[in-house]
Every structure is written in structure tokens, then in C-alpha cells.
Amino acid sequence: MNRSTASEFAERLIRNDVQAIAAYHVQDATGLIKLDAMENPYEWPVELSDGLQACAAKAAINRYPDPRSPGLVDALFDAFSIDRRWKILLGNGSDELIQMLIQALARPGASVLAPAPTFVMYRVIAGFLNVDYHEVDLRADFSLDIDAMLAVIETHQPELVFLACPNNPTGNLFDRSDLRRILNASEGLVVIDEAYSPFASEHHLDLLTEFPNLLVMRTLSKLGLAGLRLGYLVGDSAWIEQIDKVRLPYNIGVVTQAVTELALRNFHLFQAQTKRICDERLRLLETLSADQRLQCLPSDANFLVVRLPKGTAAAVHTGMRERGVLIKKLDGSHPLLADCLRITIGSPDENKAMMSALTASLDAVV
Ligand SMILES: *Cc1c(COP(=O)(O)O)cnc(C)c1O
């Protein structure tokens, strides 16, 4: 008897919608200046190199980690001056928190709402979990279309609303008055995703006192710890205790716990890096805006969105890669992002190289 091959088994058993999706595509960055993924260009501070080694040496790698990560949670409360009346839930990156949130709220018929374009993982994870996803286009200036959002809330009352603020990939904050209107109108849970809070001029933790249906989600990835994978969710214990139940027991490794705690206990070193990135953001915005061919919007995140002359985005993106600089092509991902590229703020040297690559690539096509 002929047994099926592995691909025959897989084709028969793997969900059709899973078979249909393309694997999450990470651009190959070998040998390139990497300005595509909102990473911090600065490395682990030299002041902490001994500390880093001590963390690895002392970590009880043969034991399961403490699932409550008490030292790390305490350091988060301190570093970000979070009111101790709230509880914190840790995720292996905020991606994992998004998954836990949707899992915990996915009653039959449940749905998720988010504006578009926004962080793609909300939709991707809702799809994995078979949860309906509503999206409402932003306005042309990337602000929330508040009337359209409220209409969807009234009609569908989604169990979960995600608002990335600052938004990725557009870099802007949403109006606080719009956030309030959504929180007031929603019978569901609203999650404000502050992944870019280190670079933002407005924060929303204070709204927790006012709105029992709000949680604030953040990550340390954009702050310089992307490789460690740590996201956190802040809010009322009534929410955190329930969502904690769908967490896999040992989601934060011992080394991540120790190293992240060390970073947070020396938070001023990372704040200095953040300040340099914000200074560069301003400088880069001015440089980009000086080129008449480019349209560049202010940003509250560690990246800038530039709009190029019509029809040139793909060629400029390729031209820049050929010149050694990898950025993200937004053009083609959503109509509002036509002709747009997204550039992560790098170190001054990287930004200089990026500017020459951008100018040369533009010169070649315009
Ligand atoms: C980068 C990003 C995240 C994911 O961060 P991780 O903690 O690295 O998983 C979440 N939300 C937004 C809006 C992001 O841009």
C-alpha cells in the first residue's frame, strides 16, 4: 500500500485559509543598511556589557522561568512611572499580547475593528483565530474617520477595537477627542497600542482611570530591545487576570527577564538613545522636505513616511536597495499609501547614506 507523501498529508490536513496565505515575508537585509523595521540603530549600551554577561551567567537556564516575572514587572512600573493600581501582563512581544487578547475575547460571532492602514498583525491574527475583522479607512491626512468608525461600532459592536497611536505605518497620533468618542461608544474592549510611545508627544495611560473598557499595550522593541521580545499590557486587574489565563505558562524566558530588568533599571541610557533618534527625526524631516519632489509628514514615531512623485515608489525602493539601503515600500499595500515609502530613523551616518541613496535613486527616475 502506498502511503501519502508529507505534502499530500499536509495539503489534506492544513486549513485551506492557512495554505492560501503567503508566509510572513521578511526582506533579506544581508549587507544592507537596515531601515525597514523600526529598529533602534544603537546597540546595547557599553556601560551595561558586564551586567549583560552577569545576567547570562547567573540565569537559571536549567529551570523554567518564574511565570510572573516579578522583578521585571516591578522594573516596568518604575521605569515608566505606571500607577501601581494597574496590573501588567507580559507578552513575548506585543504580537503575542494581540494573540492573547483576540483569543480571550473570541466568543462565537465576535469581531475586531481597526482603522486601515494600520499594524497588519491585528488582521493576520484575527484571521488565524477565525475572528471577523472590520476595517475603516483613515482619511487622506491619516486621521481617524471618526463618523465611519462610530457607525461600525454602532452596527457591529466589535468585542475588540485596536487603535495604534502613533499609528504604524503612518506615524501620526490620533486625536484624543476621537479616542474618547470611540471609548464612550464602544461596548467592547478598546486597546490603544502605544508601540511608539518612546518617540511620541502624547500618551494615554491616564485614560485608564476614566474608561473601564480600555487597555494600553506597549513594547520594548522600538526602544532597542527588539531581539529580546517583550511587550506589556496595562490596565485593570479584572481584565489582566482573565487574559492571563490564555497565556502559555512560560512565555518570557529567564534571560529575557533578567536582561530586560537590567535595561529598565538603567533606563536613562535608553532614553538618551531615544532622544538622539528624535533629534535625527526632526533633522531628517527638514532635509527630506527641502527636496521639492518629496512630500514628508511629521511623525510621532521612529520612522518617516515620504510620498514620491506618482508611479516612482517601486523604482526608488529598488534603486535604494541597489545602493545598499533597505527601507519599506508602502505603495501597493493600501490606496492611501500610493507612492509612499517608510523610512526608519537610523544613526546620523545611516541617515546620511540613506539620503544619498534616496536622492540618487530619485534622480535616476524623475
Ligand atoms: C512593532 C509593532 C508592534 C509589535 O511589537 P513587538 O513587541 O515587537 O511584537 C505592535 N504594534 C505596533 C503598532 C507596532 O508597530
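Tutor: Helices are DSSP runs of H or I with at least four residues, strands are DSSP runs of E with at least two, and both are numbered from the N terminus. This is a predicted model, in which local features need pLDDT of at least 70 and side-chain atom pairs count only at pLDDT 80 or more, whereas totals for chains, interfaces and linings use all residues. Residues are numbered from 1 along each chain as its sequence is written, and side-chain values use heavy atoms, with hydrogens and water left out.

Student: Is Ala-313 buried or exposed?

Tutor: Ala-313 has its place in helix H13, which covers residues 313–322. Leaving aside neighbours within four places in sequence, Ala-313 is in contact (heavy atoms within 4.5 Å) with Leu-308, Lys-329, Asp-331, Asp-339, Cys-340 and Leu-341. Relative accessible area is classed as buried under 20%, exposed over 50% and partly exposed in between, with a 1.4 Å probe and protein chains only. The relative accessible area of Ala-313 is 1%, so this residue is buried.

Student: How many residues surround the ligand?

Tutor: The shell takes in residues with a heavy atom within 4 Å of the molecule, and helix H5 (94–105) and helix H9 (221–225) each supply at least two of its residues. By class, the shell has four nonpolar, five polar and four charged residues, where Ala, Val, Leu, Ile, Met, Phe, Trp, Tyr, Cys and Pro count as nonpolar, Asp, Glu, Lys and Arg as charged, and the others, Gly among them, as polar. The closest are Ser-94, Asp-193, Thr-219, Ser-221 and Lys-222, and the number of residues that surround the ligand is 13.

Student: What percentage of the ligand's own accessible area does the protein cover?

Tutor: Consider first the polar contacts, pairs of N or O atoms within 3.5 Å; within protein, one must be able to donate a hydrogen and the other to accept it, and residues adjacent in sequence count only if both atoms are side-chain atoms. An oxygen atom of the ligand is 2.6 Å from a polar backbone atom of Ser-94, and a nitrogen atom of the ligand lies 2.6 Å from a polar side-chain atom of Asp-193. An N or O atom in the side chain of Ser-221 is also 2.6 Å from an oxygen atom of the ligand. Of the 380 Å² of accessible area that the ligand has on its own (Shrake-Rupley method, 1.4 Å probe), the protein covers 93%.

Student: Which side chain makes a polar contact with the side chain of Glu-280?

Tutor: Glu-280 lies in helix H12 (residues 267–290) and is buried, with a relative accessible area of 8%. Not counting residues up to four places away in sequence, Glu-280 touches Ile-345, Gly-346, Ser-347, Pro-348 and Asn-351. The polar contact, at 3.0 Å, is made with the side chain of Arg-283.

Student: How many residues apart in sequence are the parts that Asp-74 and Arg-265 tie together?

Tutor: The side chains of Asp-74 and Arg-265 meet in a salt bridge (a side-chain nitrogen of Lys or Arg within 4 Å of a carboxyl oxygen of Asp or Glu) at 2.9 Å, N to O. Asp-74 lies in helix H4 (residues 70–79) and Arg-265 in helix H11 (residues 254–265), so the separation in sequence of the parts tied together is 191 residues.

Student: Which residues do salt bridges that share partners join into one network?

Tutor: Arg-265 also meets Asp-78 in a salt bridge, at 2.7 Å from N to O. Since Arg-265 lies in helix H11 and Asp-78 in helix H4, this pair ties together parts that are 187 residues apart in sequence. Asp-78 is partly exposed, with a relative accessible area of 39%. The network consists of Asp-74, Asp-78, Arg-84 and Arg-265.

Student: What is omega for the cis peptide bond that joins Asn-168 and Pro-169?

Tutor: Pro-169 is found in the loop between S5 and H8, and that loop, between strand S5 (160–164) and helix H8 (176–185), is also the place of Pro-166. A cis peptide bond joins Cys-165 and Pro-166 with omega of about 0°. For the cis bond between Asn-168 and Pro-169, omega is about 15°.

Student: Near what value is the phi of Met-38?

Tutor: Met-38 is found in the loop between strand S1 (33–34) and helix H3 (49–58), and at 4% relative accessibility Met-38 counts as buried. Phi of Met-38 is positive in a residue other than glycine, near 60°.
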